[in-house]
Structures are given as structure tokens and as C-alpha cells.
Amino acid sequence: SYRTSAGVWTDWLGADGMDNMISPTNPSVAFGTSQNGQLYKTTNGGASYSGINEPADGNWVTPVAMDPTNHSIIYAGWTDVYKSTNSGSAWTNISNQYINRKLDVLVLAPSNTNFIYAAATNKIFRTQDGGATWDSIATGQNVTSIFVSATDPQKIWVTLNATSNQVLYSTNMGTTMQVISSGLPALTARSVVVDESMLYGIYVGLN
């Protein structure tokens, strides 16, 4: 939904409602998804929208990501990681069938978009050269979210579909992980956001 300057809310995209992206430079430009990675775009704050062709099928909730400075460069995690440099008119599979499964999570490092993290079930797939080469690490439990530091592309926080040891922290792209779940209730971790200001708060969504 968009809220206009007059205080009116506009529901620009219906269905169940999945992932979305809003331009960092033009708030009237946004992308939204519906089931299995169907992708749509508005350029006028939700007054109208158009559909975008998808190169593959995705999960019920398909993750999407946008370049932090250019809304024409977008990514989606259907089966493999796909990148478009023209707002979805054309797509390139930048994981080259290395992943070959529908993704649950897709995140770019804000400080260096050559660092990309994707996850499917209990594996994290990672690249630090924009997708030219990939490798993967296993996490034991299914990954539900990844948060990448705004200043260090190798520093990540990860949540797992588990009720213990469900929040992890790494300074080396997940090669080694530290469990930081002490004090949390025995609930499944669904998302994590980190305030990297002086207060350095870590916020975890549980259910």
C-alpha cells in the first residue's frame, strides 16, 4: 500500500502479498510480488502497475532484492539467482545453475553489491564477485533470514527455523558462526534486523 501526501492509502497490488522493493532514489517506483514470484512494477506511486516476465518459477514467497543506489538493477531468487539491469525487461542467471533450487532468502551487501547471499533450506550460497563464482555452507536448520552489515560485506546475522540456537553471527561470510541466542524464548526465529549505530541493537522476530 502507498500513502499519498493527502493521507489516503492506495492498495496498488492485491493477492496474498509477498516480498517488495522500493526505490532508494524515487519513492514512486516500487516492485511487488505475488505467489511463486510473480513480479509487478509501479512508477507512479501505485496509481497503476505493469507485470514483469519471470524467467523461472519461485517459492510461494520468492525473495527479491534491489541495488541500493539504482532501482533499475534488481535481483530475484526464483530457481537460482537472477539479475536484471533494466527493471526486469531482461534477466541473467548469475548463479549459473550452481544453486538450482527455489530460494528462501536473497540479500545484497549494502556496501558492496558484489557480495550476495542466498539461502535455500539449510544452505547459504554466497558470492563476493557479483556471481562469477559461488560456494555454499550448511547451517543445520533451514535459514529464514540474513542481515548484512551496512559497512562490512562479510559481517552477517542469520536466523534459523529452530527454537534453540536460532540466531547466528559471523564476520567471515558464515564460514564460522557464533550462536547469539542466549536469553531468547524457545520460539522459531523468522527475521533479524541490526541497528549498527552506537546503540547496536539486534532485533529478532520470533513466533
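**View 1. Threonine 62 and its polar contacts.** The side chain of threonine 62 reaches the backbone oxygen of asparagine 59 at 2.9 Å, and the backbone nitrogen of glycine 37 at 3.2 Å. A polar contact here is a pair of N or O atoms within 3.5 Å; within protein, one must be able to donate a hydrogen and the other to accept it, and residues adjacent in sequence count only if both atoms are side-chain atoms. Please keep in mind that this is a predicted model, where local features need pLDDT of at least 70 and side-chain atom pairs pLDDT 80 or more, while totals for chains, interfaces and linings use all residues. Residues are numbered from 1 along each chain as its sequence is written, and side-chain values use heavy atoms, with hydrogens and water left out.

View 2. You will find threonine 62 in the loop between strand 6 (50–52) and strand 7 (64–66); strands are DSSP runs of E, at least two residues, numbered from the N terminus. Threonine 62 counts as buried because its relative accessibility is 1%, buried being under 20% relative accessible area with a 1.4 Å probe, protein chains only. Not counting residues up to four places away in sequence, threonine 62 touches Asp19, Thr33, Asn36, Gly37, Gly77 and Trp78, where contact means heavy atoms within 4.5 Å.

**View 3. The open sheet 7-8-9-10.** Four strands pair antiparallel in this order; two strands pair if DSSP finds at least two bridges between them. Strand 7 and strand 10 (92–93) are the edges, each pairing on one side only. Strand 8 (residues 74–76) and strand 9 (residues 82–84) are joined by three bridges, and alanine 76 stands opposite tyrosine 82.

**View 4. The open sheet 11-12-13-14.** This antiparallel sheet also has four strands. Strand 11 (105–108) and strand 14 (135–138) each have a single partner strand, so one side of each is left without a neighbour in the sheet. Between strand 12 (residues 116–120) and strand 13 (residues 123–127) there are five bridges; isoleucine 116 has threonine 127 as its bridge partner.

**View 5. Two nonpolar cores.** A nonpolar core is a set of buried Ala, Val, Leu, Ile, Met, Phe, Trp, Tyr and Cys residues joined through side-chain atoms within 4.5 Å. The largest has 17 residues, of which Tyr117, Ile124, Val143, Ile146, Val148 and Val158 touch the most other members. Strand 11, strand 12, strand 15 (143–148) and strand 16 (156–160) each give two or more residues to this core. Apart from it lies another core of 14 residues, including Tyr75, Ile116, Ala118 and Ala120.

Key:
Buried < 20%, exposed > 50% of the residue type's maximum accessible area, 1.4 Å probe, protein only.
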